[in-house]
Amino acid sequence: MKKWEITPKTKRVLLIALSAVLAVVLLLLVAGIVYMESMLNLINKNPDDSTMSSEEYQNYIDNDTEGIDPDFTVNTETSTETTEETEDKKTEYVPLVGDDNIVNIMLIGQDRLPGEGRTRSDTMILISVNKKTKEMTMTSFMRDMYVEIPGYDKNKMNATYAFGGMKLLNKTLEMNFGVHVDGNVEVDFDGFTKVIDMVGGIDVNLSAAEAAYLNKFGHEAQAGMNHLDGAAALMYARDRTSGGSDFGRTQRQRNVINLIFKKCKNMNLVQLNNLLTKVLPMVTTDMSNKEILNYAADIFPMLSGAEIKTQRIPADGTYEYGYSDKGRSVLFVDFKANRDILKSINGAK
């Protein structure tokens, strides 16, 4: 059998073919990078992280009308603590030791009116992704927890965002709970409603009380499975009167996010592109395009098969109802117990 030889002409043909293939691959890579950059540039990268001046802070405290939560229930015979009575529970700073396998992204929701500036963060949900175990955990942080806020007096957890935006919220989380946040994403309620509509609504199994609550606001609902559009889903997520007070509300919020996540997993590339084009301009983040791409490269490959576990901080049995020295209804938290719970998903020691 005659041995096959590579002639100079054959070499030229192979080199031309290889060059053509490499050129196509390079063009696709460049096009992909340009596309991703253009999409990410739709996101607002200028979060308001300015801190309140002493005068602004005092004015805020003096005019704080939140007062007693109407849904707050307390047994005054067993829960009458004030800040003076709980000095032994004062938060101590715990140095954070992170885990490179963990990515923590905080989702922030504000209950603000059109044209209104930065307000309290009434929704704080930490999405924790473990790249090693391929697990995802969604943790709601209750807004009424009474916490140490760096540079300010103790106050409710949700006041932190009003005082100093994402940066101060991150510092507060690390100081009180030993959790490091890698990035923040903020969507206001108007954006939340639009996202639900863009994914075609969600199917939610409502209790009789939840259905009655939606009916009260003009949404037709009944006990059992219901298809909710954006407006109805927003009312469902904000409901804290149909059982569980704010604890029930945070569970509803996690439920809605889980349902959105499941719908997005079943979208094709065209549908995802259309969704992102409309959603990203409604998002504000403190992450750079490079950071987003790096996290996406780690997280996206595991999304198709991932199931999201959910939890809430403070956990059952780790808090007590009470009132602050200013008469605000708050949750006094056992920080050590809750830090121990968070260690398992955040790698803090």
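**View 1. Lining of the largest pocket, by residue class.** By class, 41 nonpolar, 6 polar and 2 charged residues make up the lining of the largest pocket in this predicted model. The lining counts 49 residues in total, and those nearest the pocket centre are Leu107, Cys264, Leu276, Leu280 and Phe300. The space in this pocket is about 1900 Å³.

**View 2. Elements around the largest pocket.** Two or more lining residues come from each of α1 (8-40), β1 (102-110), β2 (121-130), α4 (189-198), α6 (230-238), α7, α8 (269-279) and α9 (289-303). Helix α9 gives the largest share of the lining, 7 residues.

**View 3. The aromatic pair of Tyr146 and Phe332.** The structure has 11 aromatic pairs. One of them joins Tyr146 and Phe332 in an edge-to-face arrangement, with 5.8 Å from centre to centre and 80 degrees between the planes. Because Tyr146 belongs to strand β4 (residues 146-147) and Phe332 to strand β12 (residues 329-333), the pair ties together parts that are 186 residues apart in sequence. Tyr146 and Phe332 are both buried.

**View 4. The aromatic pair of Phe247 and Tyr319.** Phe247 and Tyr319 are stacked, at 5.1 Å centre to centre and 25 degrees between the planes. Phe247 sits in helix α7 (residues 245-265) and Tyr319 in strand β11 (residues 319-323), so that the pair links distant parts of the chain, 72 residues apart. Phe247 has 13% relative accessibility and therefore counts as buried. Tyr319, at 21%, counts as partly exposed, since buried means under 20%.

**View 5. An aromatic cluster.** Four residues, Tyr57, Tyr60, Tyr152 and Phe163, form one aromatic cluster.

How values were computed. Residues numbered from 1 in each chain as written. Predicted model: local features only at pLDDT ≥ 70, side-chain atom pairs only at ≥ 80, totals over all residues. Heavy atoms only, no water. Phe/Tyr/Trp six-rings, centres within 6.5 Å; stacked < 30°, edge-to-face > 60°. Helix = DSSP H or I, 4+ residues; strand = E, 2+ residues; numbered from the N terminus. Buried < 20%, exposed > 50% of the residue type's maximum accessible area, 1.4 Å probe, protein only. 1 Å grid on protein atoms, 1.4 Å probe; cavity = no way out; pocket = protein on both sides within 12 Å on 5 of 7 lines; lining within 4 Å. Points joined across faces, edges and corners; volume = space filled by probe spheres on them. Nonpolar A, V, L, I, M, F, W, Y, C, P; charged D, E, K, R; others polar.
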